[in-house]
Amino acid sequence: MEPETEKTSVQDDLLYTITNIQRFATHDGPGIRTVVFFKGCPLHCPWCANPETWRAEPELFHDDSLCMGCGRCVTACPKGAVAVIGGKARVNRTLCDGCGSCVTACLNKAMEVTGNRMTIPEILAEIRKDDEYYQASGGGITLSGGEVFAQDPVPLLRALKDAGYHTAIETEGAYDLEKLAAALPWIDLVYHDVKHCDPHKLKKFTGADAEEITRHLRYLKDSDVRTIIRIPVIPGFNLEDLDNIRGYVKDLGFSEMQLLPFHPMGKGKWHKLDRRYPYEQTPMMDKTQLDAWREAGTEIGGH
Ligand code: SF4
Ligand code: SF4
């Protein structure tokens, strides 16, 4: 990390909606990092480990296992969005605006709002707690999501670069190219998802447009920003197509690639959002299934 300087004024009043600021991350860029998770994503991948990032607005986690059915949340809710049914609180997601009154009222910690509105100075204050670790390890800050470009990351990236941090972003590829172009001067490393090279499969499972993603990857290739392609490996979606996907990535000129084997660790969050998790019965993928790839030099990330 370079010495801190004040080159541009920070936009104090701009609000980001952030689901999590994860300290001491070691898998999302060089060294020890803090990962800032943006809320909002145009895709809805059925294996998503962070489904709370889909909607742009703050929303409510409800943990059935902690709920005693006391009804304090029903009384507290100004929107009439909660009812106790069968001994458990049930949230009407259409009425709920994530105000958090029920969180305060619940003595069992069964309610939690996900998505904090944070200014850049507030985010920087969290990040600065670990400055000595970034310096000692050659680490930095990674912006993730959700989709980083569902919000405007440029003011935050500028503030991070002005403060001397190494910056990385993780993106799933569905965004306006202009947003990437505007952000690249403040980015040191891009992790870019390639979920599939078959346009029909990609559209059917995730909603993504393969042509758009190819266009973005070509733009990145023409830039001088280091880009690592990340492939989430999902049984029944792309596990059987990895050779074709590698060919697509190589044809685009990228040499750095990581495989992220499927894990179901986001399952609890799907439940707390009252959503049905499509991979309920699918076990964590055994990494040894990717041994041939590892032996051939491809990095295997994730769990
Ligand atoms: S206040 Fe908490 S424990 Fe009581 S019904 Fe609501 S969520 Fe359940
Ligand atoms: S977050 Fe607010 S609107 Fe939503 S259920 Fe709780 S009290 Fe009601």
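**Rings, charges and the core**

Tutor: K221 lies over the face of F254, 5.4 Å from the ring centre, where a charge counts as sitting over a ring if NZ of Lys or CZ of Arg is within 6 Å of the ring centre and within 35 degrees of the ring normal. The charged end of K272 is likewise placed over a ring, that of F61, at 5.1 Å from its centre. This is a predicted model, in which local features need pLDDT of at least 70 and side-chain atom pairs count only at pLDDT 80 or more, while totals for chains, interfaces and linings use all residues. Residues are numbered from 1 along each chain as its sequence is written, chains are lettered from A and ligands numbered from 1 in the order in which they are written, and side-chain values use heavy atoms, with hydrogens and water left out.

Turning to rings against rings, the structure holds 10 aromatic pairs (Phe, Tyr and the six-membered ring of Trp, centres within 6.5 Å; planes under 30 degrees apart are stacked, over 60 edge-to-face, the rest tilted). F24 and Y133 form an edge-to-face pair, with 5.0 Å between centres and 85° between planes. This pair joins distant parts of the chain, 109 residues apart, since F24 belongs to strand β1 (residues 15–25) and Y133 to helix α4 (residues 131–137); helices (H or I, at least four residues) and strands (E, at least two) are DSSP runs numbered from the N terminus. F24 is partly exposed because its relative accessibility is 41%, and Y133 is partly exposed at 35% (buried is under 20% relative accessible area, exposed over 50%, partly exposed in between, with a 1.4 Å probe and protein chains only). Elsewhere, ring pairs link W54, F262, W270, Y277 and Y279 into a cluster.

Eight of the nine residues of α5 are buried, including V154, L156, L157 and L160, and among the elements covering them are β1, β2 (33–38) and α3 (120–128). Just after α5, G164 takes a positive phi of about 90°. Leaving aside residues up to four places away in sequence, L259 touches I231, V233 and L242, among others, contact being heavy atoms within 4.5 Å.
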